[in-house]
Amino acid sequence: MTPSPDIRLTLIGKPGCHLCDDAREVVGCVREELAATPGAPATTLEELSILDDDALRERYAEEIPVLLVDDEVHGYWRIDPVRLKTALLARG
């Protein structure tokens with residue numbers, strides 16, 4: 001049996017954004033909980049800044065932070081930890 005690939009999380013924000021800091025903390029806590037849960041899917045996290053990418057800035061400037069799960073928008077502004085954990089477990 002081939003192991004399933006990691007779930008890709010992408011957090012889009014910018015430096016100095018307090019909501020982005022909050023989202024980073026929520027995502028980190030959920031990832032730690034999953035890592036400690038037997039049978040839970042593995043995740044990878046990439047952080048991108050709208051200041052470094054014109055296309056991201058144009059698309060998401062008014063919504064940051066934005067969390068993508070496998071390239072699909074999961075949520076923006078405030079990331080709910082229960083909703084995120086539930087979504088990730090459902091993908092596992």
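Is Glu47 buried, partly exposed or exposed? At 40% relative accessibility, Glu47 counts as partly exposed. Here buried means under 20% relative accessible area, exposed means over 50%, and partly exposed lies in between (1.4 Å probe, protein chains only). The model is predicted: local features need pLDDT of at least 70, side-chain atom pairs count only at pLDDT 80 or more, and totals for chains, interfaces and linings use all residues. Residues are numbered from 1 along each chain as its sequence is written, and side-chain values use heavy atoms, with hydrogens and water left out.

Glu47 forms a salt bridge with Arg24, and the closest N and O atoms are 2.9 Å apart. A salt bridge is a side-chain nitrogen of Lys or Arg within 4 Å of a carboxyl oxygen of Asp or Glu. The pair links distant parts of the chain, with Glu47 in strand β2 (residues 43–49) and Arg24 in helix α1, 23 residues apart. Helices (H or I, at least four residues) and strands (E, at least two) are DSSP runs, numbered from the N terminus. Arg24 is partly exposed, at 33% relative accessibility. Salt bridges that share partners join Arg8, Asp70, Asp71, Glu72 and Arg91 into one network.

By this rule, nine salt bridges are counted. One of them pairs Arg8 with Asp70, the closest N and O atoms being 3.8 Å apart. Arg8 lies in strand β1 and Asp70 in the loop between β3 and β4, so this pair ties together parts that are 62 residues apart in sequence. Arg8 is partly exposed at 39% relative accessibility. Asp70 is partly exposed at 24%. A further salt bridge joins the side chains of Arg78 and Asp22 (3.8 Å, N to O). Arg78 sits in the loop between β4 and α3 and Asp22 in helix α1, so to speak of distant parts of the chain, 56 residues apart.Arg78 is exposed, with a relative accessible area of 60%. Asp22 counts as partly exposed at 36%.

The largest nonpolar core has 14 residues, and Leu9, Val30, Leu67, Val69, Ile79, Leu84 and Leu88 touch the most other members. A nonpolar core is a set of buried Ala, Val, Leu, Ile, Met, Phe, Trp, Tyr and Cys residues joined through side-chain atoms within 4.5 Å. Two or more residues come from each of β1 (7–13), α1 (18–35), β3 (66–69) and α3 (81–91). Helix α1 gives the largest share, five residues. Ile79 touches Ala23, Val26, Leu67 and Leu84, not counting residues up to four places away in sequence; contact means heavy atoms within 4.5 Å. A second, separate core of ten residues includes Ile12, Leu19, Leu56 and Leu68.

The disulfide count is zero, a disulfide being a pair of cysteine sulfur atoms within 2.5 Å. Cys17 is buried at 10% relative accessibility. Cys20 is buried at 2%.

Glu58 belongs to helix α2 (residues 54–60). Glu58 is exposed, with a relative accessible area of 74%.
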